[in-house]
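Here is a friendly walk through the structure shown below. Please keep the 3D view open as you read.

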Amino acid sequence: MTIQVLMPALSPTMTEGTLAKWNVKEGDAVASGDVIAEIETDKATMEFEAVDEGVIGQILVAEGTEGVAVNTPIAVLLEEGEDESALSSAGASAPAAAPAEPEPAEPAQSAPAAPAAAAPAEAAPAAEAEWTGPTKTLAVREALRDAMWEEMARDESVFLMGEEVAEYQGAYKVTQGLLDEFGAKRVIDTPITEQGFAGLGVGAAFMGLRPIVEFMTFNFAMQAIDQIINSAAKTLYMSGGQMGAPIVFRGPNGAASRVGAQHSQCYASWYAHCPGLKVVSPWSAADAKGLLKSAIRDPNPVIFLENEMLYGQSFEVPDADDWLVPIGKAKVVRPGKDVTITAFSIMVGRALEAAEKLAEEGIDAEVIDLRSIRPLDVETIVRSVQKTNRIVSCEEGWPFAGVGSEIAALMMERAFDWLDAPVARVHGADVPLPYAANLEKLALPQAQSIVEAAKAVCYR
Amino acid sequence: MANESSKKSSAKKSSAKQAASKRAAAKRASRKAATKAPAATPDDLMQYYRDMLLIRRFEEKAGQLYGMGLIGGFCHLYIGQEAVVIGMQACTKEGDCVITSYRDHGHMLATGMDPKGVMAELTGREGGYSKGKGGSMHMFSKEKNFYGGHGIVGAQVPLGAGIAFALQYKGTDNVCLTYTGDGAMNQGQVYESFNMATLWKLPVIFVIENNKYGMGTSVERSSATGANLHDRGKAHGIPGFEVDGMDVLAVREAGEDAVAHCRAGKGPIILEMKTYRYRGHSMSDPAKYRSKEEVNKMRQQHDPIDLVRGRLIDGGHASEEDLKAIDKEVKQIVSEAADFSQQSPEPDPSELWTDVLLDA
Ligand SMILES: Cc1ncc(C[n+]2csc(CCOP(=O)(O)OP(=O)(O)O)c2C)c(N)n1
Ligand SMILES: [Mg+2]
């Protein structure tokens with residue numbers, strides 16, 4: 001069998017090149033690794049080495065030929081024991097020159113025609129069963145601590161790592177008592193080195209450990225966002241499913257109080273943008289506990305966005321051995337028929353406050369706590385809009401490409417026929433958060449902004 | 001008069017309490033240090049005394065206003081570390097630049113920024129350096145070459161290298177004082193900066209303010225090689241020196257050498273200032289991770305202001321009265337700043353939307 005020597009692609013973008021020079025002539029013996037030709041690409045002149053042993057039987061493309069397409073046969077190599085008579089058959093078996101230029105791909109389409117490569121729809125999981133048993137009153141801070149406590153007790157491979165999580169008991173006291181209970185092997189104070197310990201956590205997760213990585217606040221996770229997205233989120237895919245990162249990145253997200261532009265940002269839409277991550281952002285203590293436990297058990301990287309202002313707020317939490325809330329399921333926290341209000345984290349409280357005010361004006365609002373930003377429980381939102389025909393999305397973050405933008409697009413795609421008004425978005429002002437008390441108040445969405453938006457979509 | 005009465009009262013105390021005799025011992029120790037200390041003119045000493053006292057009193061006032069709810073959010077006081085910025089600033093000339101972290105009030109006052117504008121920024125008012133939009137951690141003064149005020153630990157280090165890059169690029173012999181904490185020394189971008197700074201011989205002085213703690217974590221608990229942070233540039237060929245950061249003259253001496261090194265085009269240099277913060281990390285930190293004795297020992301035996309005060313008095317360069325006059329002047333400045341910071345109105349609501357982008 002003769003061997004076809006094909007025009008090589010010498011750069012990721014090369015489709016054709018110039019055969020600048022032959023270093024061999026017909027009849028020359030070559031060994032693999034010998035430089036047989038020089039090829040000019042769009043970027044450089046490259047040496048081209050033989051990969052097989054043999055004798056150059058025939059040169060098919062002459063020196064100096066330009067525009068030789070990648071994969072065009074340029075020479076025929078005779079293997080040991082073959083002579084020129086083998087060449088005639090070789091010609092016949094040559095592939096039909098270079099493959100044609102790939103057809104330009106169809107531009108991605110938006111509605112109404114569904115895009116060709118639409119992702120399979122994600123079905124929302126079943127909601128947790130309604131709890132009718134005893135409850136206890138817990139602050140969100142305690143609920144989070146209990147969740148970690150229970151999961152660390154349950155599974156040896158769970159460990160906690162972050163700045164001031166151990167001896168200081170947590171910068172916001174969320175990890176109180178964990179060091180005493182589980183020891184320094186599993187509750188680890190890190191240096192201030194976010195990219196380092198986030199990456200280390202992902203590496204440990206590759207090995208099957210289940211790290212909980214606390215960021216003192218998510219503002220500092222920006223130091224580590226490369227490891228979160230490039231390493232944690234993508235490895236499962238890049239390894240063809242061989243290994244992923246069962247890791248939880250958690251910490252306070254969003255504005256606190258007067259801490260200025262660099263310490264006050266909502267990252268929900270940043271992380272939700274990325275396939276390969278789950279993003280959770282609870283409001284109540286019961287959800288904080290149940291979702292954090294689910295996040296720790298989840299085999300995927302989960303971004304768990306807390307809120308400093310909620311840490312001290314108390315809620316009733318099921319007094320159960322193992323309270324779990326599924327990731328990906330929203331919760332209707334106030335049923336209503338006139339307008340749907342979606343919110344997550346601290347905005348749920350403001351949405352409920354707004355709903356009370358709206359009720360006084362005869363508007364019956366349904367408030368949905370999204371709980372999980374990705375996967376997003378679109379079903380629950382659509383079902384609500386089918387009833388109310390109006391929707392207001394609330395978030396503390398910026399409007400551009402925010403969670404509200406996604407909800408608006410989804411409602412257009414999935415609930416267009418039921419909408420009686422354009423989707424309204426309530427969000428933080430599109431500026432870095434100012435420090436001055438009066439400006440900060442203007443920048444952050446309050447209950448009143450939700451009331452106004454709800455009235456607007458009700459044409460009231 | 002004032003001189004005499006204060007002498008009397010201190011005599012009474014020392015005869016009464018053991019603690020006071022310890023203080024006296026500390027005074028003696030500082031006197032000893034004074035004889036070894038690098039030469040400084042009486043005028044210099046008076047100036048440093050005044051400048052450090054201004055920072056101290058300013059910070060105390062800020063703490064007070066915070067307690068009154070007039071300052072919000074995070075507020076990181078510089079009390080205890082005054083000698084570092086005052087000693088370093090003494091080595092600078094027109095055009096030299098300064099950048100630091102969120103513990104920045106002292107640096108701003110040292111660069112000559114107006115205490116009124118600084119305090120009004122702390123209260124979030126129109127008269128603040130950032131019109132109230134930055135707050136305690138984010139203040140800047142182009143006029144004084146002060147480049148902030150950065151809240152993300154370690155982020156100011158490459159920025160400082162970049163400022164030095166520009167100073168070099170523009171052909172000046174100016175330097176950039178890039179301050180960083182001990183805790184920040186574990187951020188990767190610090191070492192990325194070290195490499196570039198050496199590679200391009202950037203005129204940058206990395207001033208590590210090693211106050212022994214990054215929040216609640218002692219430097220020994222966060223640093224694999226212990227407390228010696230001036231060695232951290234070794235792998236990048238950056239000379240590093242340990243300096244007594246509680247002694248303004250020691251700081252100045254080290255600073256002068258460092259500045260000369262940079263101005264001569266020899267590249268970056270590291271000065272590790274051994275210093276101490278008296279207060280918690282920020283206003284909400286109870287600082288339970290260290291003992292009262294540790295704090296008291298530093299305050300009583302190594303206070304940077306007391307040290308200079310001792311040198312002035314013992315060297316016969318100033319009387320108690322002279323110093324009282326300075327105290328009074330400083331108090332006046334600080335109280336005016338505090339008044340201004342409360343009288344200045346909140347920014348106009350329209351300010352919410354300004355300064356996001358410039359018109360192209
Ligand atoms: C990237 C990042 N991580 C964490 C924090 C929270 N934080 C603020 S100050 C600080 C300690 C820094 O200590 P050090 O560098 O020693 O400076 P010091 O406060 O002692 O001046 C921490 C962890 C932050 N602001 N930025
Ligand atoms: Mg420190």
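Is Val55(A) buried, partly exposed or exposed? With a relative accessibility of 31%, Val55(A) counts as partly exposed, where buried means under 20% relative accessible area, exposed over 50%, and partly exposed in between (1.4 Å probe, protein chains only).

Before going further, some ground rules. This is a predicted model, in which local features need pLDDT of at least 70 and side-chain atom pairs count only at pLDDT 80 or more, while totals for chains, interfaces and linings use all residues. Residues are numbered from 1 along each chain as its sequence is written, chains are lettered from A and ligands numbered from 1 in the order in which they are written, and side-chain values use heavy atoms, with hydrogens and water left out.

**Around Val55(A)**

Val55(A) belongs to strand β6 (residues 54-59) of chain A; helices (H or I, at least four residues) and strands (E, at least two) are DSSP runs, numbered from the N terminus. Setting aside neighbours within four places in sequence, Val55(A) is in contact with Gly27(A), Asp28(A), Ala29(A), Val76(A), Leu77(A) and Leu78(A), contact meaning heavy atoms within 4.5 Å. From Val55(A) to Thr2(A), the C-alpha to C-alpha distance is 9.8 Å, although 53 residues separate the two in sequence.

The sheet here is open, with 4 strands in the order β1-β8-β6-β3 (chain A) and antiparallel pairing. Two strands pair if DSSP finds at least two bridges between them. At the edges are β1 (3-6) and β3 (29-30) of chain A, each of which pairs on one side only. Over 4 bridges, β6(A) pairs in the antiparallel sense with strand β8 (residues 73-78) of chain A, and Ile59(A) stands opposite Ala75(A) in β8(A).

**A mixed sheet in chain A**

Another open sheet has 5 strands in the order β17-β19-β18-β21-β22 (chain A), and its pairing is mixed. Its edge strands are β17 (331-334) and β22 (424-426) of chain A, each pairing on one side only. On average, neighbouring strands of this sheet are turned by 25° against each other, direction ignored. Axes are lines fitted to C-alpha atoms, for helices over the stretch in contact, and angles run from 0 to 180 degrees between N-to-C directions.

Strand β19 (residues 365-369) of chain A runs parallel to strand β18 (residues 339-343) of chain A, and 5 bridges join them. With β17(A), β19(A) pairs in the antiparallel sense over 3 bridges. The table lists residues of β19(A) with their partners.

| Residue | Opposite residue in β19(A) |
|---|---|
| Ile341(A) | Val367(A) |
| Thr342(A) | Ile368(A) |

How many residues of β19(A) are buried? The count is 5 of its 5 residues. Both faces are covered, with Ala365(A), Val367(A) and Asp369(A) buried on one side and Glu366(A) and Ile368(A) on the other. Helix α11 (residues 403-415) of chain A lies across β18, β21 (391-394) and β22 of chain A, and runs at about 155° to β21(A).

**The magnesium site in chain B**

Which residues coordinate the magnesium ion (ligand 2)? They are Asp182(B) (OD), Asn211(B) (OD1) and Tyr213(B) (O), at 2.0 to 2.1 Å. Donors are N, O and S atoms within 2.8 Å of the metal (3.2 Å for Na, K and Ca); water is not among the atoms, so sites may look incomplete. Along the chain, the donors follow the spacing D-x28-N-x1-Y. Asp182(B) sits in the loop between β3 (176-181) and α8 (188-199) of chain B and Tyr213(B) in strand β5 (residues 213-214) of chain B, so the pair ties together parts that are 31 residues apart in sequence. Asp182(B) is buried at a relative accessible area of 2%, and Tyr213(B) is buried at 8% relative accessibility.

**Chain B overall, and the cysteines**

Chain B has 13 helices and 8 strands, and buried residues make up 54% of its 360 residues. Of the contacts in chain B between residues at least 6 apart in sequence, 74% join residues at least 24 apart.

How many disulfides are there over all chains? The search of the whole structure finds 0, a disulfide being a pair of cysteine sulfur atoms within 2.5 Å. The sulfur of Cys266(A) is 12 Å from the closest cysteine sulfur, in Cys394(A), which is too far for a bond. Cys97(B) is in no disulfide either, and the nearest cysteine sulfur, that of Cys176(B), is 5.6 Å away. Cys266(A) is buried at 12% relative accessibility, and Cys97(B) is buried with a relative accessible area of 4%.
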